[in-house]
Amino acid sequence: MREQTAFRARQTKLLHMLKPGSIALIPAGSLATRSNDTEFPFRQDSQFKYLLGLEEHDALLVLSNLDGKMRTILFCQEKNALAELWSGKRIGVERAKELFNADEAYPHANWKEKLAELLVGHKSLYMDFFSHDTFFTQVKSLLYQLSLTKKRKEPSPSEFVNLAPLLGRLRLIKDSNEIEFMKRAAEITNRAHRGAMALAKAGKNEKDINAAMEYLFQRDGGGNAYESIVAGGENALVLHYIENDCALRDGDLILIDAGAQFNLYASDVSRTFPVSGKFSKEQRELYQLVLDAQKSCIQMVGPGKTLGEIHAEAGKVLLQGLIELGILTGTLEEHQKDDSLKRYYPHGTSHWLGLDVHDNGPYRDSKGEEIGLAPGMVLTVEPGLYFQLDDDTVPSKYKGIGIRIEDDILVTEKGYENLTAAIPKEIKEVEEACASEVTLFC
Ligand SMILES: [Mn+2]
């Protein structure tokens, strides 16, 4: 029940962000065709999910702020025995109204007629114009029809505002329910990464590890939050490698970027460990450097800090280490100026995390300034180093090595809480986890 209260609280917050005389439309996700008449498993739209816990497609949430009255109006599928026989239970209009404490609820089948009535009287319409194209086209046609009735006394929407930035701002700060879900996702991810460390060895394939992690994600939660990256050896040099089908070799590292979701809330974790269970000297040198950078960045997290400052810290530690290892010559300042690190570290250090693995929160405010961290925000910290095989600036002993270490960090009043701290990352812990046994089916 606590979660229902949270949905209502989020709707109210959003309603207060709308100009008086406004209506906001938030459609549920749609089914996506996989091939011919089969579909991908349904995944609820994140904006809709944030505002309402209904797990169904063919639904629409309407928020109205008119004449000082705030109303929540819900459209969803009607009960239908035959349809439910094929596709599963539906909550039904009456139960949904009650469960989600909506002011009004209507069958989704005739949403267009009812929405045309509801739109009248509102001056502004808020929706996410960059997704739900079909829905947008249908709404546009309703608005056009309404605009033709020029002699009607009440207005129809003639001002259109993008809803996504408003929801993005709200979604930046997680409430206690969301934090709880993200902690559950982190626990599942911990079990899966530990499983992967224990299972990986020469003779196994990336797909064995991928499938084992997928099983653990599904057993304990809601599957993966994104396509897992299980990259042995030089496959780690492809940042978004998802083929996951090569044999694992002794002497190689394996980079795994994989996270579970729980109640659609994502975790996003990378670990890199030796297939043999023991780091070589070169692997250890580079791994320790990435780990030092990651820990130094995490320690910075706290209210007021920015992702830019965190990224700069990662760059500083990595550059300093590369100079010490003799991979780079020259001074730290010179390399900071030339951005020479980009060659070995081409991605950012952090992104927002939440219902979307790259959560849709803004990174800059209306003045173009970087958003400062505040309690309740969740970000990743994921520095890495990647040494391409054909890069002649790299000593050959380091070529082909790719390392990334990533944790999920919650900003708190005093600093931070590392949600994924239980997943081994110190060299000793990682080697111990690699040497341990795992029982998958228990
Ligand atoms: Mn990430």
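My entries on the domain contact follow.

**Ground rules.** I'm working on a predicted model, where local features need pLDDT of at least 70, side-chain atom pairs count only at pLDDT 80 or more, and totals for chains, interfaces and linings use all residues. Residues are numbered from 1 along each chain as its sequence is written, and side-chain values use heavy atoms, with hydrogens and water left out.

**Domains.** I looked up the domain assignment (bounds from an automatic or database assignment) and got domain 1 at 2-170 and domain 2 at 173-435. Their C-alpha centres are 37 Å apart. For the contact (heavy atoms within 4.5 Å), I noted 15 residues from domain 1 and 16 residues from domain 2.

**Area.** Next I checked buried area, the accessible area (1.4 Å probe) that two parts lose on being put together, summed over both. The two domains bury about 1200 Å² between them, with 41% of it on carbon and sulfur atoms.

**Charges.** I then looked for salt bridges (a side-chain nitrogen of Lys or Arg within 4 Å of a carboxyl oxygen of Asp or Glu). The rule finds one across this interface. Arg10 and Asp175 form a salt bridge, their closest N and O atoms being 2.8 Å apart.

**Helices.** Last, I went through the DSSP runs (helices: H or I, at least four residues; strands: E, at least two; numbered from the N terminus). On the side of domain 1 that touches domain 2, α1 (2-17), α2 (46-51) and α7 (164-172) each supply at least two residues.
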